[in-house]
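Please keep the structure open as you read.

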Amino acid sequence: MKNWAGNLDYASAEVRRPASVEELAAIVAGAGRVKALGSRHSFNRVGDTDGVHVLLDALPQTIELASDRQSVHVSGGVSYGTLCRSLEQSGVAIHNLASLPHISVAGAVQTGTHGSGVDNQSLAGAVQAINLVRPSGELVSLSRADGDEFLASVVGLGALGIVTGLELAVQPGFRMRQRVLENLPWDRALGNFQQLVSSAYSVSLFTDYAGDSISQVWLKALDTEQPLTELFGATAASDPRHPLPDMSAENCTLQLDEPGQWLDRLPHFRHEFTPSKGEELQSEFILPLEHGPAAIEAVRSLAGKLAPLLFVSEIRTGAADEFWLSPFYRQQSVALHFTWKPLQAEVEAVLPELEDLLRPFGARPHWGKLFSTAGHDWESLYPRFADFRSLASAHDPDGKFRNGLLDSILGVRAASAR
Ligand SMILES: Cc1cc2nc3c(=O)[nH]c(=O)nc-3n(C[C@H](O)[C@H](O)[C@H](O)COP(=O)(O)OP(=O)(O)OC[C@H]3O[C@@H](n4cnc5c(N)ncnc54)[C@H](O)[C@@H]3O)c2cc1C
C-alpha cells in the first residue's frame, strides 16, 4: 500500500479489513504491532507499521444525529465528505473543514487537521467523545468529562488507541459565500495582519513568498457578514480561481460570492472531484498568531530557495484548543502551509533551514505532513508532552501502536516499559 501522494510505501506485512468492532478488537489483541489507516492522506510515516494495518472501511459506517441535534456519532471509517452530505440533509453542520473533504474523520482528528479562521478550532475542536480500542483489545469510551485522558486521546497520532467512533458537536446548518481577491501588497498585509486574517469567517492567503504581493486571498464569509470586494489594496478576481495560477478552477468550490451551503464553500476543492493520488507533497508549521508577520518575513527571506520547490503556500489561522498534542494547544495560531512539487529529496534538504528560521517563533510541525524529526524540542513546544509520553507508555507498554516516526518523536520507550 502507498499513501495518497505516492511518496511512501507502507511497511506493513499484513492488511486487515475487520467487519465489526469485535473483530477489530481481536486483531489488535493478537497483533505484535498494529496501526489504523484512514484515507492515507498523510505525507509521512505517522500511520505506518511493520505489523498489521487495519482499514476501517468494512466496519458498519454509521452517522447518527443525537435527538437533541447538538451532536452526531460517526464511526471510525467515515470521511468528512460522506459525513457532511448526511449532516446537510438533516439541516445541521460542523464548524469547519479542511481544504478537501475526502479525508477520514478519525485520521484527520488524530493529526490535528484544521481549516482556517481566527475563531475556528481545528476539526478536533468538535470532538465531544471518542471510542478507542486499546492494545489489549479492550474497548473504552472517553468524553470531555474524563478530562486529561480525553484531552490526550483526541489528537493522539494513533498512539493511544484505534478510534472506532467519535461524537462531534454540530450546529444549525449555515450558508456562506466565497470570494477570491488578488494582488495584496505584502507591506499592507503584514502591517494589518490581525485585521486581514479576521476579515471573514475563514481567510486563506496563497503565495510563493516572492514578489511584492500575495497572489490570492480566499474569503469564506457567513451570509451575515458584509461582502468584501477590496481589502488592503487587493481587488476582487473577475473569474473563479484555482490556488495555482495555471490551473482551471473547475474542481474548486464556487466563488464570486455565490451563496451556498457551508459544506460547499468551506473546503477549497469540491467533493465530486476525487483525485486518486496526488503529484504533490506538503509541510505545515503552526505558530502563535502574534508572531505571524515576523515569521512570514523570515520565510520571505528564503523565497529564492523555496520558489523552485513550491507549487504554492497557504497561510491560515486557527483558534486555541486544549488537546495535549494539538498544534493549536492553548494558542491562537497562524499556520504556514507549503504545497511542494513531488521532489522529496530537495524538499527534505530545505526543511531544516526553513525549520531553523521558524524555530524562534515556536513553530509546531503538522503531524501528518513532512518535517525533520531532528531539532524540535517537543517538551517546550507542547507543555503536556511528557504527560502524553507517560500515558502512551502506560497504555501501550509493548509499543504495539508505535513506529519509527513515533519513536523519534516520543522517544524510544524505557526498558521497563518494553
Ligand atoms: C490533498 C491534501 C489536502 C490536505 N489538506 C489539509 C488541510 O486543509 N488541513 C490540514 O490540517 N491537513 C490537510 N491535509 C493533511 C491531512 O488532513 C492529514 O494528513 C490527515 O491525517 C489525513 O487523514 P487520513 O484519514 O488520510 O489519515 P491517515 O493518513 O490515514 O492517518 C493519519 C494518522 O491518523 C491515524 N489514524 C487514522 N485512522 C485512525 C483510527 N481510526 N484510529 C486511530 N488512528 C487513526 C494513523 O495511524 C496516522 O497516525 C491534507 C492532505 C492532503 C493529501
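Contact here means heavy atoms within 4.5 Å, and helices (H or I, at least four residues) and strands (E, at least two) are DSSP runs numbered from the N terminus. This is a predicted model, where local features need pLDDT of at least 70, side-chain atom pairs count only at pLDDT 80 or more, and totals for chains, interfaces and linings use all residues. Residues are numbered from 1 along each chain as its sequence is written, and side-chain values use heavy atoms, leaving out hydrogens and water.

Which residues of H2 are buried? In H2 (residues 80-89) they are Tyr-80, Gly-81, Leu-83, Cys-84 and Leu-87, buried being under 20% relative accessible area with a 1.4 Å probe, protein chains only. They lie on the same side of H2, because their arc around the axis is only 160 degrees, taken from the directions from the helix axis to the C-beta atoms. Just after H2, Gly-91 has a positive phi of about 75 degrees.

Now to the rings. There are 14 aromatic pairs, counted when ring centres of Phe, Tyr or Trp (its six-membered ring) lie within 6.5 Å; planes under 30 degrees apart are stacked, over 60 edge-to-face and the rest tilted. Two of them:

| Pair | Centres | Planes | Class |
|---|---|---|---|
| Phe-174 and Tyr-201 | 5.8 Å | 55 degrees | tilted |
| Trp-378 and Phe-385 | 6.4 Å | 20 degrees | stacked |

Phe-174 and Tyr-201 are buried, as are Trp-378 and Phe-385.

Definitions and conventions:
Buried means under 20% relative accessible area, exposed over 50%, partly exposed in between (1.4 Å probe, protein chains only).
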